[in-house]
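Visitor: I have just come across this structure and would like a guided look at it. Could you take my questions one at a time?

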Amino acid sequence: MSTIAAPPEIVPGSIEPAQLEAWRARVACGFPAVQDVLADCLLEARAALSAEGMDAWLDCAHALGRMGRGAEPVLAFLQEWPSVASAVGEDLLNDVIALIQAMQKSPNSRAIAPLLQSLAAVARRLRGPGPMRDYLRVTRELMQRTTVSLHGHHATFESPGLPVFLEHAPRALDVLNVAGLSRWADYGARHYQHHPERQRDYFALKSADSRAVLQRERHGTLLVTVERQLDLTLRCLWQDHAPLLSFSTGFEDSRAPTPFFDANGIALPDVYDDFMGPGGPCGLDRYRAALAHMAGHRRWSRPQVADNLSPLQRLTVECFEDARIDHLVLRQYPGMQPLLLALHPRPVEGACDPDTASCLRHRLAMLSSALLHPAHGYRDEVLKAFVDAFHALMAQGPSSTADMVALALRHAARTRRQSDQSARVFFTDTVVSYRDDNRHLWTFIEAGDEEDSFAEPRPPAAQEIQGLPPRHYPEWDAAAQDYRPDWVSVYEGLHAGGDASLIDRLLAKHAVLARQLERLLDLLKPQDRVRLRYREEGSELDLDVALRSLIDWRAGVQPDPRILMSHRTDGRSIAVLLLLDLSASLNDEVPGTGQTRLAVSQEAVALLAWAIDRLGDPFAIAGFHSNTRHEVRYQHILGFSERWGEASKGRLAAVQAGYSTRMGAAMRHAAHYLGAQKVDKKLLLVLTDGEPADVDMSDPQALILDTRQAVKELTQQGIHSHCISLDPNADAYVRDIFGHHFTVVDRVEQLPERLPRLFMALTR
């Protein structure tokens, strides 16, 4: 499609022009594609980043623009980093910059763009700074191992598999944790280091070997798979809206997989295996138990000063407080008792020899088990005395953390042994896997904290931003037969208004056609009650048929038994969204009319909107155009919640054509609104004058295949798509996209007449 200059961009009023220009000067990137979306990116970043994070973001964008890799890395970073920072934290920027610099200094600078393009999708799957650092480390190691060196000293040729690995990493992380991804990447690097084509196929998940290793490394229940269920559980059962984070497991240098929570949210392991074999609780149940325990801590526990307590005393306090939280959780949700009992270890009394090892953990694990299990069976008199004291406190109410501290100090004084200081610690059956590390339970008074306590809290991120952040949609990659996740950025807005009288003049021009349509509309208008005649079962007698049957019977002819009738309500339950292609080719003149295709389309859409308004069906109009995958503009002209009137007429009168046609992304975004309508039938009408295309796509079939995939997605959602094409050559491609659901209008000037009639035929 041809490209023309677009109308001047309207910068949202929440950014002062002077501030906007200052930020543009800091980025100092002259690529037109970057300048077109910079204002929108600034709005999103300002809402998501702190002041320091904003400065670092701008400086990094400036540095990327000076690397000589074109506009793509800058665009990807500007659009993706706010989402990455929201998911894993702003501090990760230094790690990302270090990896980018390493790529730039090596032959792998072409991999910078794929790294940044997939970074947001990866961050949303990892949900934590620890796993993200592990992912960046895996990427760096893969780059170093697969970069080709001819003489063994200096890297000469780029890694053939690194860009493909980065592109498919989000898909692999759908089924693997970071440790599994590392082992999968290690296998590919070891076995295909000297086979570039096979290496690319391996990391593109095309080879049978790659899929077999991926399946081998897949185990347990991934947090990313059940995150939505857990989030709903936390919100509904505990009225807690803390974000769920993850930390990676399976690395030798990684921390033990112990859940925890802090000011940033609730952190859970990225994967949980089924507990104690197939018969034990599944991974999802383990997540639920850990989440319930930490939600209980967040509701009922209070921090205690730890400076005057020994490690032995703190461990004992944590044991009693964990038991108190479990009891309060079971009071609220008794059905969780079998799950907690199954997950809690049952230490064997006497299994630890105090003469050879420290039995502190074993002793506390026995105490914890006795506090949770009604029939624990332990014979130790001191243990039973403290169990009775605990239950006496809990019988009086929810008790408190301070009560548990007092009880724990008495227990520690009564049970401590000299051997508790031994370096050899007995660990068998002492780990309660669903409990957190209790870091929230302690506060320390240290030098400098007194001054910090008077510091003003950091103000929250600005909330006055009026602009909407972009919505990211996948795009179908026909070569890989898979989606590129979060590939297209769709910016939506309410179209500016214009002169509504222009639309009124267009409707007056077609007054004769309007009168003809009005007669057809009367046939389509819903009737309150419709008779259903010729029924053997019904609500009342159909007198005409009954008399005819009586005459037949008296004449000796077999009478018609269908002498009853019933009624039904005949109502229309349909919602329609008309999606207008506003690409630059609409500015072409229609031969012999003196009008552009845009003007004819405005006439047709105005007539259709008038007709649907007469019927009363839910109806919306939107337009779209694109300028690469980074900028798909979706403009609302008429919303489902408003009536066809002066405001919407003004917006339709003001539409302008420009740029290109990335149709698949626009259809997916339209389905977001159409799918929310509570009707029986949902119809998406796409009015276009050419095939899907964009300036950043060299393969003419790529966007055609993506749009075809979008049509399939909408069909699965119960949305019927129909294309009205003004391209006389549309038969060459439109059937591949829409199947039989298309209409080609060879004579554009007939569009005002054919569009309303087509709608009536589709909704009859």
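Visitor: In which hand of crossing does helix 25 pass helix 26?
Guide: This is a predicted model, in which local features need pLDDT of at least 70, side-chain atom pairs count only at pLDDT 80 or more, and totals for chains, interfaces and linings use all residues. Residues are numbered from 1 along each chain as its sequence is written, and side-chain values use heavy atoms, with hydrogens and water left out. A crossing is left-handed if the near helix is turned anticlockwise from the far one by less than a right angle, and right-handed if clockwise. By that rule, the way helix 25 passes helix 26 is left-handed.

Visitor: Which residues of helix 26 make the contact with helix 25?
Guide: Contact means heavy atoms within 4.5 Å. On the side of helix 25, the residues are Met663, Gly664, Ala665, Met667, Arg668 and Ala671. Their partners in helix 26 are Asp706, Thr707, Gln709, Ala710, Val711, Glu713 and Leu714.

Visitor: At what angle do the axes of helix 25 and helix 26 cross?
Guide: Helices (H or I, at least four residues) and strands (E, at least two) are DSSP runs, numbered from the N terminus. Axes are lines fitted to C-alpha atoms, for helices over the stretch in contact, and angles run from 0 to 180 degrees between N-to-C directions. Angles under 35 degrees count as roughly parallel, over 145 as roughly antiparallel, 65 to 115 as roughly perpendicular and the rest as oblique, and helix 25 and helix 26 are therefore roughly parallel. Their axes come within 8 Å and cross at roughly 15°.

Visitor: Is Trp184 buried or exposed?
Guide: Buried means under 20% relative accessible area, exposed over 50%, and partly exposed in between (1.4 Å probe, protein chains only). Trp184 has a relative accessible area of 0%, so it counts as buried.

Visitor: Which helices hold Phe320 and Phe390?
Guide: These two rings form a tilted pair, 6.4 Å centre to centre with 40° between the planes. Phe320 is buried at 0% relative accessibility, and Phe390 is buried at 0% too. The pair ties together parts that are 70 residues apart in sequence, because Phe320 lies in helix 14 and Phe390 in helix 17.

Visitor: What residues does Gln199 contact beyond its neighbours within four places in sequence?
Guide: Gln199 sits in helix 10. Its relative accessible area is 0%, so Gln199 is buried. With those neighbours left aside, its contacts are Thr146, Ser159, Pro160, Gly161, Tyr192 and Gln193.

Visitor: Where is Thr628 placed?
Guide: Thr628 has a positive phi, near 75°, in a residue other than glycine. Thr628 is also buried, with a relative accessible area of 12%. Its place is in the loop between strand 16 and strand 17.

Notes
Rings of Phe, Tyr and Trp (its six-membered ring) pair if their centres lie within 6.5 Å; planes under 30 degrees apart count as stacked, over 60 as edge-to-face and the rest as tilted.
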